[in-house]
Amino acid sequence: MLSAIFTNGCASPIDGGMAQKRRNIELQLAVGERLRLTRHALGLKQHEFASQIGMSANAYNMVEAGKRLISIEDALALSSTQGITLDWVYGGDPGNLPHRVAKAIEALQDVRSEPKLNAKS
């Protein structure tokens, strides 16, 4: 990372831009993962999930892969069709998710965090 400091002591706009880009990528990846968990919790395939919120399957695939951020309009459509909160989509707060969805996501997260058994053991 560049460490240029202007005479006023502020970091270079180049530094800030790189940090902002990194935060945007991290947000895209986190949102994509939350949407993937949500879709699995609902028992839907990507094209089914995308169609319910009015997105093309290709566009949704890019969101789930963390290559683009879901638009606020599409996130609101998800909220109105499935009750998935914007707090969950963008912030990771499952507090107001429908109970069955929250429990299914929790179970999926538990499965992912369990150590894998080694077949050779």
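## I70 and its contacts

Leaving aside neighbours within four places in sequence, I70 is in contact with V31, L35, I53, M55, V63, A75, V89 and Y90. Contact here means heavy atoms within 4.5 Å.

The model is predicted, so local features need pLDDT of at least 70 and side-chain atom pairs count only at pLDDT 80 or more, while totals for chains, interfaces and linings use all residues. Residues are numbered from 1 along each chain as its sequence is written, and side-chain values use heavy atoms, with hydrogens and water left out.

## Nonpolar core

I70 also belongs to the largest nonpolar core, which has 22 residues. L35, M55, I70 and V89 are the members that touch the most other members. At least two residues of this core come from each of α1 (13-42), α2 (46-52), α3 (57-64), α4 (72-82), α5 (86-91) and α6 (99-113). The largest share, 5 residues, is supplied by α1.

A nonpolar core is a set of buried Ala, Val, Leu, Ile, Met, Phe, Trp, Tyr and Cys residues joined through side-chain atoms within 4.5 Å. Buried means under 20% relative accessible area, exposed over 50%, and partly exposed in between (1.4 Å probe, protein chains only). In soluble globular proteins, nonpolar side chains tend to be buried together.

## Overall fold and surface

The chain contains 6 helices and 0 strands, in the order α-α-α-α-α-α from the N terminus on. Helices (H or I, at least four residues) and strands (E, at least two) are DSSP runs, numbered from the N terminus. Of the contacts in the chain with a separation of 6 or more, 43% are between residues 24 or more positions apart.

Of the 121 residues, 29% count as buried. The accessible surface of the chain is about 7700 Å², and 56% of this belongs to carbon and sulfur atoms. These areas come from the Shrake-Rupley method with a 1.4 Å probe; for residues, only the protein chains shown count as cover.

## Helix α3

The buried residues of α3 are A59, Y60, V63 and E64. Seen down the axis of α3, they fall within an arc of 135 degrees, so they line one face of the helix. The arc is that of the directions from the helix axis to the C-beta atoms. Just after α3, G66 takes a positive phi of about 80 degrees.

## Salt bridges

There are 3 salt bridges in the structure, each defined as a side-chain nitrogen of Lys or Arg within 4 Å of a carboxyl oxygen of Asp or Glu. One of them joins the side chains of R39 and E64 (2.8 Å, N to O). This pair links distant parts of the chain, with R39 in helix α1 and E64 in helix α3, 25 residues apart. R39 is buried, with a relative accessible area of 8%, and E64 counts as buried at 12% relative accessibility.

R36 and E33 also meet in a salt bridge (2.8 Å, N to O). They are 3 residues apart in helix α1, and therefore separated by about one helical turn. E33 counts as partly exposed, at 25% relative accessibility. In helix α6, K103 and E106 form a salt bridge (3.9 Å, N to O). K103 and E106 are 3 residues apart, which means a separation of about one helical turn. K103 counts as partly exposed at 46% relative accessibility, as does E106 at 40%.
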